[in-house]
Amino acid sequence: MSSIGTKIAKGAIWMVLFKFTERSLGIVSTIILARLLIPEDFGLIAMAMSIIAILELFSAFGFDMALIQKQDADSNDYNTAWTFNLILALVITTLMVILASPAALFYEEPRLENVIYILAIGTLISGFENIGVVAFRKELEFNKEFKFLLGKKLIAFCVTVPLAIILRNYWALVFGIIAGKVGSVLLSYYIHKYRPRFDLSSRNELFHFSKWLLINNFLYFFRLRSADFIIGKLAGSHTLGIYTVAFEIATLPTNELIAPINRAVYPGYSKISDNLKSLQTVFLNVISIITLFAVPAGIGIVATADLLVVVFLGTKWLEAIPLMKIIAFYGIFTALITNTSYVYLAVGKARITTLLSTIYIILLLPCLMWLTLEYGVEGAAWAYFIASAISLPFYFAKIFYHLKLQFFTFVKFVWRPMVSSAIMYLVVKLFINETHVSDDIINKIVILFSAVAIGALTYTTILILLWFFSSRPSGAELAILEKIYPRLPEVLKFKFLNPDR
């Protein structure tokens, strides 16, 4: 078991570090596009994607998750999953064409109809993606997984940005999405030798596991996309564009850091799902890694939001500043609870995830409708904050019960990053408040990057000191230091993530 635990930990950390490279590309893309385009362009695409997202729910069976969870999955299972993906893509494409005109009438946005028609092509193409790439995650081959993911991002980037420079409108975003889907399909066959064929022989077995994932994905849609419908209908494309960009940037550090961790640990959880002690140990170490990265990333956004928006997006995005500060906390809460769902999926208890997601939606939707009507787009941001803050104890109480974990055992793995992040916030805010910020953009850039550097140095220093004076316990700190200095476990006579110790 120790080898699996080590693979999970190293894979998760390697994927996070690698993700920095991928997201650097995303950040550059967002900054360039925000400078070249206007909020209405982003709002229009958000409207289209909200319609597409609700249609794609009918294909959200999570067959890839089923293949990973089933340890003895064979070619019949893979072929059946690919066949269903293709059939569902065809159905959704048809529905998109049918609903394009009604969607434009709902939002009172005539341009939306043609946008959906074009995006429908991309949906159909994506149905042909090679199901074989799921094996990268199943076999913990994370280097191949990220070559695939990074390749997709590069293709979309290399199309979207030049088109934005040339066209200066929303069509650059549309064609960038199409290019990403085409590139994903081509790359999937180039990077993996598996060649799927039409087959439905494993349909009953796949659907038995995937029915809960379908329900979960419906709930996830209402959680993530409800604001798009409400804000788009009540406030129009400009306000929705502001909200969309604010949400993307504020949650970018937490979401993009945590997503690769979750992708890495789910196959590992599946392999040790029958060993409670191993699952406990690996979960605690994974949650310590998530806390180490997500909490300072979110707090950093809160501390520097005023400068971030002006420097990277420009003055036309000033309305996004208060939204980013609120949504960043939502991103932290979400990062802390999402990994619990992968534990339930790994042990075949997806219905628990459904129950918890239902509680979240029951909290979110009334808050979202009421606060948006009363306080506008800022009210929508507060609705997400409130729902996440209230849901957090439910998620952790449930996982503590199922893994037989003690609260204080959990706290020992996460308190150091939280304390370090709080101190980092105070130091960064003090630095910014005591520094003269002029209207000169160069001055703002220098102060922003200085604040980021000071924050990173403060956080790292405090974190290592707290870890050292806590008798150097197992956790994310040791795993990171082991990456930097491979002989560290030997020096400390300690083995990280060894469920058998």
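First, the ground rules. This is a predicted model, in which local features need pLDDT of at least 70 and side-chain atom pairs count only at pLDDT 80 or more, while totals for chains, interfaces and linings use all residues. Residues are numbered from 1 along each chain as its sequence is written, and side-chain values use heavy atoms, with hydrogens and water left out.

Start with helix H11, residues 320-346. Helices here are DSSP runs of H or I with at least four residues, numbered from the N terminus. H11 has 27 residues and spans 38 Å from first C-alpha to last, close to the expected 39 Å; the expected value is 1.5 Å times one less than the number of residues. H11 also has a kink of about 25 degrees centred on Ala335, the bend being the angle between axes fitted to the seven residues ending at a residue and the seven starting there.

How much of H11 is buried? The count is 22 of its 27 residues, so H11 is largely enclosed by the rest of the structure. Buried means under 20% relative accessible area, exposed means over 50%, and partly exposed is in between, with a 1.4 Å probe and protein chains only. Thr334, in H11, is buried at 8%. Setting aside residues up to four places away in sequence, Thr334 touches Arg223 and Ser388, where contact means heavy atoms within 4.5 Å. After H11 comes Gly348, with a positive phi near 75 degrees.

Next, Arg203 in helix H9, residues 203-271. Arg203 is partly exposed, at 40%. Beyond its neighbours within four places in sequence, Arg203 contacts Thr80 and Phe84. Its C-alpha is 10.0 Å from that of Asn79, 124 residues away along the chain.

Now the rings. Phe, Tyr and Trp rings (six-membered ring for Trp) pair if their centres lie within 6.5 Å; planes under 30 degrees apart are stacked, over 60 edge-to-face, the rest tilted. That rule gives 20 aromatic pairs. One of them is Tyr170 with Trp171, tilted, at 5.2 Å and 35 degrees. Tyr170 is buried at 11%, whereas Trp171 is partly exposed at 21%.

Phe396 and Phe400 are also a tilted pair, because their centres are 6.0 Å apart and their planes are at 35 degrees. They sit four residues apart in helix H13, residues 377-403, which means about one helical turn.

How values were computed. Helices (H or I, at least four residues) and strands (E, at least two) are DSSP runs, numbered from the N terminus.
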